[in-house]
Every structure is written in C-alpha cells, then in structure tokens.
Amino acid sequence: MRCRRLPICIVALFLTANFAFAGEIWVSVTGNDTHAGTREKPLRTLAQALKQAREWRRLSDSAVEGGIYIRLERGIYQQEETLFLRPEDSGTQSSPTVIEAVEPGKAVISGGVRVTGWKRVTDFPPGLPAVARGKVWVADAPEVGNRILESRQLWVNGQKAVRATWLAPGKMERMIDFDTEKEEIWIPTPAMKGLDEEPQLEMTVHQRWAIAILRVKEFDVQGERTRVTFHQPESRIEFQHPWPQPVIGGEKGNSSFTLGNAICLLDRPGEWYQEYPSGKIYYWPEEGVDLSVAEVTVPALETLLEVDGSLERTVSYLSFKGVSFEYAAWKRPSLQGHVTLQGGMYLRDAYKLAVPGLPEKAELENQAWIERPEAALRIRGAGQINFSGCTFKHLGATGLDYEWAVNNCRVEGCLFTDIGGTALALGAFPSGGFETHVPYIPVHKEEYCSDIRIANNLITEVTNEDWGGVGIGAGYVRHVTIEHNEVSHVNYSGICVGWGWTPLDSGMEGNRIHANYVHHFACQLYDAGGLYTLSNQPASEMTGNRIEHIGKAPYATNDRAFYIYFDEATDGYRVENNWCPEPLFDSNRPGPANVWINNGPEVSDSIKSAAGLQPEYDYLKER
C-alpha cells in the first residue's frame with residue numbers, strides 16, 4: 001500500500017490544532033538527549049522526552065499548563081528496550097500528554113535491527129538443496145547485548161520473508177493418524193530426504209479453529225509412513241487437551257499439517273532459515289532484490305511499548321497521534337511450542353475430565369488454563385490512553401492489547417496490517433490459575449475493560465503466523481463500542497466479543513458492534529464467524545454490519561463458517577439490519593434474550609453501503 005502525501009496545509013493544521021499548549025518537546029533522529037528538547041535543539045529519544053515531561057509534572061512546571069506535546073520528527077526511532085509508561089507519566093483532562101508525529105505515519109517506533117554483511121554462499125552447509133546452491137546468501141545474525149539474536153521473523157525491504165517451509169505458504173498435507181496415548185502423529189513420508197536429521201524442525205498442525213506449532217523430537221521414517229514425536233511441554237498439552245484437537249475421519253478428511261524451519265526446506269526464492277546455534281541467516285532473494293542495498297530487518301523486541309498502572313494509581317490522559325509502531329518479535333514457539341485454545345490464547349494446561357462437571361457448569365467435560373500471547377503494545381491499569389491515525393505493522397504476535405482495568409479509551413483512524421496474530425485485543429482473558437470456563441467476576445468492577453471505542457480502523461492481512469488470531473478480539477468487556485471498522489483477510493474470525501462459554505452473569509454488558517465491514521475471513525480455519533460472540537452479554541447490540549466473502553479454508557474438515565456465529569451461551573443481543581449475501585447464521589446453545597430482526601440480503605443498500613470506514617477515513621486504504 002502507498003502512503004498518500006498530505007497537503008502542507010493539513011500537516012500545518014495537524015500541528016497547530018492544539019494551540020492551547022504550554023509545553024512542547026521536540027525529538028529527532030539527529031537530535032541529542034543532552035539538548036533542551038526545543039525545535040532547534042531536539043532530543044534524540046522518545047524515552048528522554050517522556051522523562052522530561054515526567055519531570056515537568058513532578059516539579060509542577062508551568063510548562064504543563066494546557067498539556068505537554070511531544071513532537072516526533074520524521075525518522076526511525078530504534079528501541080533498544082521497551083518504552084515504559086507508568087502513573088508518573090499521566091496527564092490530566094486539562095493537561096494531557098500527547099505524542100504525535102510531525103508528519104503523520106513518518107515517525108516510526110521500531111524494535112527492528114538491520115542484518116548486514118550479506119555474502120553469496122560458496123561453502124554449502126549440509127542439507128542445502130541442490131536447487132538452492134549458488135542462489136542463497138548468508139549473513140551473521142546481529143548481536144543484542146551479549147547474545148546472538150534468534151528470530152522467527154525477517155523482513156526484506158518491508159516485505160515479510162517466508163521461513164523455510166516444506167510446502168508453499170498456506171499449503172498443507174493431510175495427516176494419517178493422531179495417537180493421543182503414544183503422543184505421536186503419523187504422516188505420509190515426504191519425498192524430501194534429510195528431514196530426520198534436522199534438529200530445529202517444526203510441525204504446524206491445523207486443528208479446527210486453531211493451529212499448534214510443535215517442535216519435532218523424532219522424525220522416524222518407516223517406508224511410506226513417518227512417525228513424529230515432539231518436545232515438552234507442547235507434546236503433553238497437544239495430546240491431552242480435547243478442544244480443539246485434530247480430526248481423523250472428518251467430513252472432508254483428516255486434519256492437516258506442514259513442516260518448517262529446516263535448511264533442507266530452503267528451496268524457493270523468498271525463503272530464509274536461521275541456523276542454531278551459530279545464528280547464521282540464509283536467504284534466497286526474490287528476483288530484483290539486491291542484498292548489497294536491501295534493508296533486511298529482524299525484530300529484537302517483543303514489546304515496543306508498555307503502559308503499566310494499577311487500580312490504586314492508573315496511567316491516564318496519554319495520546320498517540322500519527323505514530324507508526326513497527327517490527328516486534330514473537331519468540332515463544334521456538335522455546336516452548338505453541339498450542340492454543342482459541343483466538344491465539346495459548347494453553348498452559350488442559351485435559352479431558354474423566355468425570356464431567358464444575359460447580360459453575362455441570363456438563364463440562366474438560367478444563368483449560370490459558371495465557372495471552374505477547375503484544376507489541378500492552379496497556380494495563382489505565383484510562384484515556386488513545387491512538388489516532390497510527391500505524392501498526394510488521395509485528396509478530398498481537399498488535400495492540402488493552403489487557404486489564406482499562407477504561408475510556410479510543411482507537412480511531414488507525415491501520416493494522418502485516419501482524420502475526422490478533423490485530424487489536426481488549427478485555428480480560430483470565431490467565432494463570434483461573435480456569436477459563438469459570439465466569440470472570442472480579443472483586444473490583446474497575447478491573448473490567450470498559451467504555452472503549454474502536455472506530456474507523458482498517459485491519460487487513462493479519463493473523464499471518466498464528467492463524468487462530470482474529471481481527472478484533474474482546475474478552476470480558478463492558479460498554480465497548482466497535483463501529484465503522486473494515487476487517488479483512490484474516491484466517492479465522494473477524495470481530496469477536498466475549499469469553500467463558502457461560503450463560504451465567506459475568507459482568508459483560510452493553511457492548512455494541514455497529515456498521516463494520518468484515519470480508520475475506522475464515523481463509524484457513526473454520527468454526528468461524530465474520531462476527532462471533534460468546535456468553536451472556538445483556539443489553540448488547542449488533543446492528544448495521546456488512547459481512548461477506550467467507551474464505552475457502554481448504555484444509556477444514558467440515559464447512560462450519562458463518563456470517564454471524566453466536567457460539568456457546570451467547571445471550572442479550574439485539575441483532576438487526578446486518579447485511580450478508582445469504583442468511584448463513586448459527587447459534588450454539590444460545591440464551592433466550594437474543595432478538596433477531598431483518599438480517600441477510602434483504603437489508604437496504606443504504607445500510608450496506610454505510611458499513612465500514614466513514615468517508616473521511618478512506619485515505620487509510622491508500623497507505
């Protein structure tokens with residue numbers, strides 16, 4: 001996508017609209033942190049600018065009257081550590097702290113590190129395919145601190161390269177058997193030789209509405225069949241947890257898999273592989289890529305920015321305008337594998353119950369304890385933390401995550417693209433020792449994420465590593481508004497609200513999903529919905545949305561994908577005037593208080609055309 005150049009008058013208006021400020025701190029990539037932070041003498045880092053603002057507030061400097069405005073000039077601000085915002089960084093209603101790009105979209109907060117020193121490979125490493133010889137280049141991985149940087153992501157000139165894989169990206173093969181007792185998967189033996197000698201080999205498993213990434217322990221070729229076992233802890237979790245597990249003998253065949261991360265799989269232009277423990281990075285450049293001048297980037301940080309407050313001392317009144325957040329890592333699968341329950345939430349433990357039942361759910365036949373994935377931006381214990389006109393791209397896991405006790409925030413006019421997991425997450429997905437089917441009722445209502453508005457954002461081409469992520473994923477939330485967003489090209493569901501699989505009261509209420517445009521979803525997984533909900537949410541509504549273009553999900557074992565899917569115990573919704581090309585809806589044990597009015601192809605064209613980005617935000621499509 002191309003950025004449209006904004007007229008000078010608009011940029012000038014962007015900078016002068018907040019004319020009532022008294023404090024202004026300038027930051028430039030050519031600045032110096034010993035400078036005063038004026039336009040003529042800017043600072044070098046955002047961290048130093050935040051410290052200066054913090055000191056102004058601590059000392060009650062007159063500069064804070066009317067607000068503090070941190071101006072980021074054009075450039076890439078490479079972060080060596082996570083930016084940490086705490087209660088002392090808070091503004092007030094009359095004196096907010098605003099971090100804004102002088103040129104919208106041109107000030108980049110980056111966790112990436114350049115890879116340089118590329119040379120064509122002449123001393124071929126063992127296992128490199130004959131077809132790749134003479135075409136592959138090599139470079140040493142950067143050192144961060146005193147460690148060689150290991151990465152699962154690599155970008156070349158802003159395009160994500162493909163980690164060496166057995167089949168073409170998005171392609172898979174059907175497994176033969178899934179043995180829970182012996183903790184092994186049987187597959188057709190690949191024609192490629194040498195996989196049994198690859199120490200870093202991984203298997204990605206397609207299992208209904210999620211994937212699992214498993215580090216291979218044994219690759220035991222037995223003629224036309226191969227037995228595969230896996231490292232712990234993911235082996236135990238994968239074979240003990242019942243939902244979702246691979247399907248053997250489904251309507252459309254067995255569940256599928258692919259293999260990756262081996263030098264013998266580096267056989268196509270655009271693929272790369274990092275050798276362990278040397279850290280050497282091998283890459284077969286695509287046509288037209290000149291590695292002597294190309295910008296090759298690996299991410300060093302998993303989290304670029306963390307806002308961390310508490311119920312007693314929140315972080316508040318901070319806004320980001322026109323800032324781009326780029327290049328964050330996702331490392332966990334390389335260290336512990338990755339087995340998820342749903343929506344990218346990975347399992348810490350899970351198993352089937354020999355005798356069903358919990359006090360909260362008598363028929364429950366399994367238990368699960370989850371953790372939320374890493375996020376490029378994490379926000380906890382906060383209010384009035386707003387993002388407008390920002391860009392989130394080249395990120396390994398979740399993009400932006402309002403995790404806990406966050407209220408009265410806005411995300412508006414932002415672009416989310418090229419993200420490995422969920423683009424935007426919010427609300428509690430209770431983790432650690434909190435069993436995931438037990439209703440979440442915190443002691444303090446302030447622990448809910450509430451009164452958050454997600455509006456006029458373009459979310460596209462996300463979930464490109466963990467297919468089970470979603471466009472927008474809300475857990476236990478209250479009074480959240482999700483409206484006029486466009487969500488497209490996601491591998492599972494588009495917009496999801498709710499958690500818990502429970503009809504009981506959990507505090508969720510008053511959520512509004514309005515006038516969104518969701519299309520090209522369920523591209524790889526199934527049991528999906530363009531709009532998807534869970535559990536009891538009184539006084540909620542789903543109105544005026546447009547949903548179309550269900551994906552092919554070529555390796556699904558059945559055809560369960562819907563324009564609107566009310567999964568287990570959804571209740572309390574008024575569903576009205578949602579356009580889709582056919583009334584393809586489903587409800588799983590819904591409650592009695594849902595009301596459906598005029599949904600499907602008969603909805604008026606005026607409602608259909610009004611869904612999605614409002615006209616003043618169409619420029620996002622040109623970035």
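The accessible surface of the protein comes to about 24,900 Å², as given by the Shrake-Rupley method with a 1.4 Å probe, with only the protein chains shown counting as cover for residues. Carbon and sulfur atoms account for 49% of this surface. The model is predicted, so to speak of local features pLDDT of at least 70 is needed, while side-chain atom pairs count only at pLDDT 80 or more and totals for chains, interfaces and linings use all residues. Residues are numbered from 1 along each chain as its sequence is written, and side-chain values use heavy atoms, with hydrogens and water left out.

The radius of gyration is 25 Å, which agrees with the value near 25 Å for a compact globule of 623 residues. This radius is taken over C-alpha atoms, and the globule rule is 2.2 Å times the number of residues to the power 0.38. Along the principal axes, the C-alpha atoms fill a box of roughly 80 × 70 × 45 Å. Of the 623 residues, 59% are buried (under 20% relative accessible area; exposed is over 50%, partly exposed in between; 1.4 Å probe, protein chains only). The mean positions of the 60 positive and 81 negative charges lie 4 Å apart. Lys and Arg count as positive, Asp and Glu as negative, and His and the chain ends are not counted. Each charge is placed at NZ of Lys, CZ of Arg, CG of Asp or CD of Glu.

The protein holds 5 helices and 51 strands. These are DSSP runs numbered from the N terminus, with at least four residues for helices (H or I) and at least two for strands (E). Strands pair if DSSP finds at least two bridges between them.

Strand 33 (residues 398-412) is largely enclosed by the rest of the structure, because 12 of its 15 residues are buried. Strand 31 (residues 375-388) runs parallel to strand 33 and is joined to it by 9 bridges. Here alanine 382 has valine 406 of strand 33 as its bridge partner. Strand 35 (residues 424-426) pairs with strand 33 in the parallel sense over 3 bridges, and tyrosine 402 stands opposite leucine 426 of strand 35. Strand 36 (residues 449-455) is also parallel to strand 33, over 5 bridges. Asparagine 407 is partnered by serine 450 in strand 36.

A mixed, open sheet of 5 strands has the order 8-9-23-22-14. Its edges are strand 8 (119-120) and strand 14 (162-163), each pairing on one side only. Strands 8 and 9 (residues 137-139) are antiparallel, with 2 bridges. Arginine 120 has tryptophan 137 of strand 9 as its bridge partner.

Glutamine 153 sits in the loop between strand 11 (147-148) and strand 12 (155-156). This residue is buried, at 1% relative accessibility. Its contacts beyond four places in sequence include Trp272, Trp330 and Glu465.

Two peptide bonds are cis. One links glutamine 232 to proline 233, with omega near 15 degrees; proline 233 lies in the loop between strand 20 (225-230) and helix 3 (234-240). Another joins tyrosine 276 and proline 277, with omega about 10 degrees. Proline 277 is in the loop between strand 22 (271-274) and strand 23 (281-283).

Positive phi values occur at glutamate 461, near 55 degrees, and at histidine 520, about 50 degrees. Glutamate 461 belongs to strand 37 (residues 458-462) and is partly exposed at 44%. Histidine 520 lies in strand 44 (residues 517-521) and is partly exposed at 29%.

How values were computed. Contact = heavy atoms within 4.5 Å.
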